[in-house]
Amino acid sequence: MFALNWLPLQPLISIKPVDFNMLGIQQSIQKSLQEGLQHLFSIDAQEIVLQETKKEFEGTFTFVVFPFTKQAAKAPAQIAQLLGEYMLAHNTKIKAFQVVQGFLNLSLQDSVWVEILVGINQDAQPFALANKNEKVLIEYSSPNTNKPLHLGHLRNNFLGFSVSQILDAAGYEVVKTNLVNDRGIHICKSMLAYQLFGNGETPESSGLKGDHLVGKYYVAFDKAYKVEIETLVKQGIDPEEAKKQAPILLKAQEMLLAWEQNEPSVIALWEQMNTWVFDGFAKSYAQMGVSFDKIYRESNTYLLGKKLVDEGIAQGVFFRKDDGSVWIDLSAEGLDEKLVLRRDGTSVYITQDMGTAQLKYEDFGAKRSVYVVGNEQDYHFEVLFHILKKLNKSFSEGNYHLSYGMVDLPSGKMKSREGTVVDADDLMAEMVNTAQSRTMELGKIDGFSAEESNALFNQLGLGALKYFLLKVDPKKRMLFNPEESIDFQGNTGPFIQYTHARICSMTRKAASMGIDMRISIGKSYELAVTEQELIYLLGDYKSKIQEAADQFAPSVIAQYTYDLAKQFNKFYNELSILNEENEDSRNIRLNLASLTGETIKASLSLLGIVAPERM
RNA sequence: GGUUCCGUAGCUCAGUUGGAUAGAGCAACUGCCUUCUAAGCAGUAGGUCUUUGGUUCGAAUCCAAACGGAAUCACCA
């Protein structure tokens, strides 16, 4: 096993790895090519790049010879031909070669494929990389306690959870944290509206989930606020001024002050509403299937960071202006001056984030930290990371902002105050309903208990939703059209889940038939191209984990899993498995199917998706 | 205006450490269930990879400019 670091995999002998389990084979081929170039053309090639052969051509690996035409002083096709002959003569893994223009396509011996398959079978840990003995903190979710979760939070939570799973599989020790924004003027707005219009309503009395109840009053505040602004404007007050003077806003500001001074009645209301919201969030998280090792609350952390400001001033990193406010000059980094402490000595956003970073380091001692936060905060995190570096913090080098794009609706951006949001709970429920009706239509739940069917509907509905949100490159903004339901066919979660269930069905049957699916080592098998391609993908799994971990990109795993399921279904359609008469072929195909099922299950779990055994 | 990100089929997205005829899914159309789950498979059709210029044997990919979209540039969080 290779020592893997945080940085992209460093090639051992200036060779580009395409694959993990096949790395040895590749290196052997690259070495032969290097020798061939030396022997035939006296070319000392520093770097041998192998790529996957395109589907429409025969072969597994392709070597491009164009770059060597000048040095070899021969036509590309001729170089490829000579190299191919050399390879065939000098490397026993090569079965055949084909030359297309300047491309040398190499095919592997069947025994090599069997060797790979046996290797995976014998791997004690086929679905995870070796322990890296390194801790990584990941912060995600970060909800506000004044409103329920929406579609954007779903992307955040699924991303955060999936990246945690991926890093865990890549051998890191992962600590999942959630920093809840439970204080501030926006929280006071919903508190105030509740006080004014709530009439003592509770989740129990209203039948509303706690977070939805609180969210209702956040909207109510905004409505009342707008009415007041309008009234003021009619009285001839300037609109901008009216926004500042609306009585209800002033009252909310008063409330924030009272909260900061720990006024018992305000604190009691705040705690009451917080309890409701947290209770609601807990239900949403359970339905999403995400979890946290530690939840931090801003009400506990917002005063942190001032000590770091003092440290920074002492170190000369920060400077104090005449009015007493404290700043950092980041113009050398291409940024501006940034405030880190107000003139009245209170913290700002960045101050508390500095403090929280320190606190998390004290709690867990992790030098790596991933923040899953929307891309509207790119600038903020750039500044934060610069500051931590300048403060010379030991945990300052391993910070990464996993910045993801917004989820847009066809009508544009979601705005919670204007009610144009897709609610997370509603959407999940709708997906589960759709899964239910789809499944019923297909008549797939014969012999299921009510409990089993409900579990399946949940797995499929959430699977479709998670896959939909995770298959897209995180940094891109994406479009969600509520009018068009999320598909259950094609490049979707349920398609992959279906493939898994199909395989399970087959292995159950094989077990009842008493078939031994072990591969006899030393026996020679003839393999179809479909089988080779499937083995290639299976052998690629670990390198995909590494790739996804390096890039913090669940989309890499999603794409891989889809390709694997697609390839399996092709294989399944083309070749008989249980009905195959040749016992050796039957056994190796069954082995291949079973391994595919396990790999699908493992990779779906990296996306937080459950792989049902029947559907 | 400065900075950053994005622009690929009608729609949603892959592909971007330079390589062959740019790939999937959805939607449309055609086949395949008296043999292992048809939520499947095979196929048809759909592209000036926003535009222009450059780098080179070779560019969706690298560079420059333009156009279009988004985010951000608060003593808010």
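This is a predicted model: local features need pLDDT of at least 70, side-chain atom pairs count only at pLDDT 80 or more; totals for chains, interfaces and linings use all residues.
**Notebook: a protein chain and RNA strand B**

I started with Asp44, which sits in the loop between helix 1 (23-41) and strand 1 (50-52).

Is Asp44 buried or exposed? I looked up its relative accessibility, and it is 53%. Exposed means over 50%, so Asp44 counts as exposed. I also checked how far Asp44 is from Gln71: they are 27 residues apart along the chain, and their C-alpha atoms are separated by 9.8 Å.

Asp336 is found between strand 9 (326-329) and strand 10 (337-341). Asp336 counts as exposed too, because its relative accessibility is 51%. Setting aside neighbours within four places in sequence, I found Asp336 in contact with Ile328, Asp329, Leu330, Ser331 and Tyr379. From Asp336 to Ile116 there are 220 residues along the chain, and 55 Å between the C-alpha atoms.

Then I went looking inside. The largest nonpolar core has 156 residues, and the ones touching the most other members are Ile29, Phe63, Leu151 and Leu154. Another core lies apart from it, with 24 residues, including Ile328 and Leu384. I noted the general rule here: in soluble globular proteins, nonpolar side chains tend to be buried together. Beyond its neighbours within four places in sequence, Leu151 is in contact with Val407, Leu409, Met414, Val422, Ala424, Leu427, Leu469 and Phe480.

Now the RNA. How many residues surround RNA strand B? I got 66, the closest being Asn181, Asp323, Lys444, Tyr498 and Arg502. Of the RNA strand B atoms that come within 4 Å of the protein, 62% belong to sugar and phosphate. I sorted the residues of this surface by type and got 26 nonpolar, 17 polar and 23 charged.

- Asp323 has a polar side-chain atom 2.3 Å from a base nitrogen of RNA strand B.
- Arg343 has a polar backbone atom 3.2 Å from a base oxygen of RNA strand B.
- Asn491 has a polar backbone atom 3.3 Å from a sugar or linking oxygen of RNA strand B.

Last stop was helix 11 (residues 264-288). I found that its 25 residues reach 35 Å from first C-alpha to last, close to the 36 Å expected at 1.5 Å a residue. After helix 11 comes Gly289, and its phi is positive, near 80°.

How values were computed:
Residues are numbered from 1 along each chain as its sequence is written. Chains are lettered from A and ligands numbered from 1 in the order in which they are written. Side-chain values use heavy atoms; hydrogens and water are left out. Helices (H or I, at least four residues) and strands (E, at least two) are DSSP runs, numbered from the N terminus. The expected span of a helix is 1.5 Å times one less than its number of residues. A residue is near a molecule or strand if one of its heavy atoms lies within 4 Å of it. A polar contact is a pair of N or O atoms within 3.5 Å; within protein, one must be able to donate a hydrogen and the other to accept it, and residues adjacent in sequence count only if both atoms are side-chain atoms. Ala, Val, Leu, Ile, Met, Phe, Trp, Tyr, Cys and Pro count as nonpolar, Asp, Glu, Lys and Arg as charged, and the others, Gly among them, as polar. Buried means under 20% relative accessible area, exposed over 50%, partly exposed in between (1.4 Å probe, protein chains only). A nonpolar core is a set of buried Ala, Val, Leu, Ile, Met, Phe, Trp, Tyr and Cys residues joined through side-chain atoms within 4.5 Å. Contact means heavy atoms within 4.5 Å.
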